[in-house]
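Hello,

Here is the structure you are taking over. My notes on it follow below.

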Amino acid sequence: MLEELEQIRAEALAKLAEANDAKALEAWRVAYLGRKSPLKQVFTQMGKLPPEERPLVGKRTNEIRREFEAAYEERAAAIRQAELRRALAEERLDVTLPGRKPAPGRLHPVTQTIRRISEIFAEMGFQVLRSREVETDEYNFQLLNIPPHHPAREMQDTFYVKTQTEDDTYPVVLRTHTSPGQIHAMRMMSGYTGEGPLPENPPPLRVILPGMVYRYEQITARSEIQFTQVEGLAVGHNITFSDLKGTLADFARRMFGPEARVRFRASHFPFTEPSAEVDVECFLCGGKGCNVCKHTGWLEILGAGMVHPVVLRNGGYDPEKYSGFAFGMGPERITMLRHYIEDIRYFWSGDLRFLEQF
Ligand code: PHE
């Protein structure tokens with residue numbers, strides 16, 4: 001019987017050493033400390049033993065049971081420890097890792113260009129104004145010396161919002177350029193409403209008017225139906241073409257770098273006389289010739305000229321006493337040139353892969 005007990009003991013302790021998780025441990029407890037355990041069996045068979053052996057077997061059985069209980073507790077503690085260690089290792093959190101950077105929003109590349117242009121002209125003493133995007137035909141064309149049926153209208157195919165206004169005179173359009181802002185700015189300063197005698201001494205003005213314009217065109221890599229312009233206007237006494245040249249040359253240096261040079265080519269706009277298109281020396285190749293400037297060394301960035309007498313008068317400024325210059329530039333074009341962007345359609349694509357580069 002004692003031998004049998006030792007066998008039970010050895011077997012049980014060996015099995016306990018193999019129990020590696022809570023489930024195996026519980027199975028072991030039921031098997032060796034439960035009601036049907038081999039130790040209990042020994043007790044029930046005790047009656048069959050000779051009386052002198054009984055105390056010895058009983059004593060040893062109790063010893064082994066206590067040993068089992070102690071071994072069980074020890075093993076249970078070890079398993080709990082192991083499980084805790086595993087859980088800690090699996091869920092490890094390194095609090096010293098740098099945090100993940102949130103991706104902040106950013107300004108659209110064209111907005112960045114407009115802001116830079118505005119900053120430069122503000123430094124030169126120009127006010128920054130806005131004017132409406134929905135215009136009358138009168139402001140968009142007629143007051144700018146473009147009468148109905150004038151061929152110049154075909155340069156700027158128009159979105160008509162309404163073909164007639166309430167008083168049946170002028171259609172309503174989405175402005176095709178920011179130039180109607182010239183009339184608004186001059187009338188704001190002179191107080192002229194378009195009727196009666198011209199005001200006596202309206203103050204000089206220097207403004208830029210950035211904003212969205214619309215043209216009814218085929219959308220291609222080079223032309224969009226909705227884009228931006230920055231209009232510029234200076235009106236005062238003795239303003240000359242030299243002032244225009246000096247202002248734009250200085251703008252180019254501030255915008256594109258101290259080496260930037262500008263070139264004026266004769267052109268035509270109904271609202272300026274004389275008119276010019278202005279090129280900046282290619283800032284990508286320094287004028288040597290590259291793909292972007294099509295090997296000419298020059299890039300066209302704006303239209304400009306001396307404000308036409310009819311336009312000055314429509315703004316409330318007597319062309320006998322006042323003169324002025326105006327220009328209109330395209331921020332999309334400038335942005336494309338600066339960043340080698342080959343397709344204007346990216347600007348409205350909303351594609352983050354594009355936008356995140358700026
Ligand atoms: N409004 C002209 C255009 O959209 C640009 C321009 C503005 C030209 C002012 C001369 C003076 O093409």
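**Ser 179 and its surroundings**

Ser 179 is in contact with Leu 144, Glu 231 and Phe 271, leaving aside residues up to four places away in sequence. Please keep in mind that this is a predicted model. Ser 179 belongs to the loop that runs between strand S4 (172-174) and helix H7 (180-190). Its relative accessibility is 4%, and because buried means under 20%, Ser 179 counts as buried.

**The three-stranded sheet**

Strand S4 is also part of an open sheet of three strands, in the order S2-S4-S3, with antiparallel pairing. At the edges are strand S2 (134-136) and strand S3 (160-162), each of which pairs on one side only. From one strand to the next, the twist averages 40 degrees. S3 and S4 run antiparallel and are joined by two bridges. Within this pairing, Lys 162 stands opposite Val 172 of S4.

How much of strand S5 (residues 205-214) is covered? Nine of its ten residues are buried, so the strand is mostly covered.

S5 has pairings with S1 and with S6. With strand S1 (residues 127-128), S5 pairs in the parallel sense, over two bridges. Here Val 128 is placed opposite Ile 208 of S5. With strand S6 (residues 226-236), S5 runs antiparallel, and ten bridges join the two. One example is Val 207, whose bridge partner in S6 is Leu 233.

**Arg 215**

The loop between S5 and S6 contains Arg 215. Is Arg 215 buried or exposed? With a relative accessibility of 13%, Arg 215 counts as buried. The side chain of Arg 215 reaches the backbone oxygen of Thr 176, at 2.8 Å. Arg 215 and Gly 125 are separated by 90 residues in sequence, and their C-alpha atoms lie 31 Å apart in space.

**Helix H2**

Helix H2 (residues 22-33) has twelve residues, which at 1.5 Å a residue should span 16 Å. The C-alpha atoms at its ends are 15 Å apart, which agrees with that expectation.

Which residues of H2 are buried? They are Leu 25, Trp 28 and Tyr 32. These residues cover an arc of only 60 degrees around the axis, and therefore sit on the same side of H2. The general rule behind such a pattern is that an α-helix has 3.6 residues a turn, so residues three or four places apart point the same way. Among the elements covering the buried residues of H2 are helix H1 (2-18), helix H3 (38-45) and helix H4 (54-90).

**Helix H10**

In helix H10 (residues 331-339), the buried residues are Pro 331, Glu 332, Ile 334, Thr 335, Met 336 and Leu 337. What do the buried residues of H10 pack against? Their partners are helix H5 (109-123), helix H8 (241-256), strand S9 (298-307), strand S10 (323-329) and S6. S6 is also the strand that ten bridges join to S5. Just after H10 comes Tyr 340, which takes a positive phi of about 55 degrees.

Regards

Methods:
Residues are numbered from 1 along each chain as its sequence is written. This is a predicted model: local features need pLDDT of at least 70, side-chain atom pairs count only at pLDDT 80 or more; totals for chains, interfaces and linings use all residues. Side-chain values use heavy atoms; hydrogens and water are left out. Helices (H or I, at least four residues) and strands (E, at least two) are DSSP runs, numbered from the N terminus. Buried means under 20% relative accessible area, exposed over 50%, partly exposed in between (1.4 Å probe, protein chains only). Contact means heavy atoms within 4.5 Å. Two strands pair if DSSP finds at least two bridges between them. Axes are lines fitted to C-alpha atoms, for helices over the stretch in contact, and angles run from 0 to 180 degrees between N-to-C directions. The expected span of a helix is 1.5 Å times one less than its number of residues. The arc is that of the directions from the helix axis to the C-beta atoms. A polar contact is a pair of N or O atoms within 3.5 Å; within protein, one must be able to donate a hydrogen and the other to accept it, and residues adjacent in sequence count only if both atoms are side-chain atoms.
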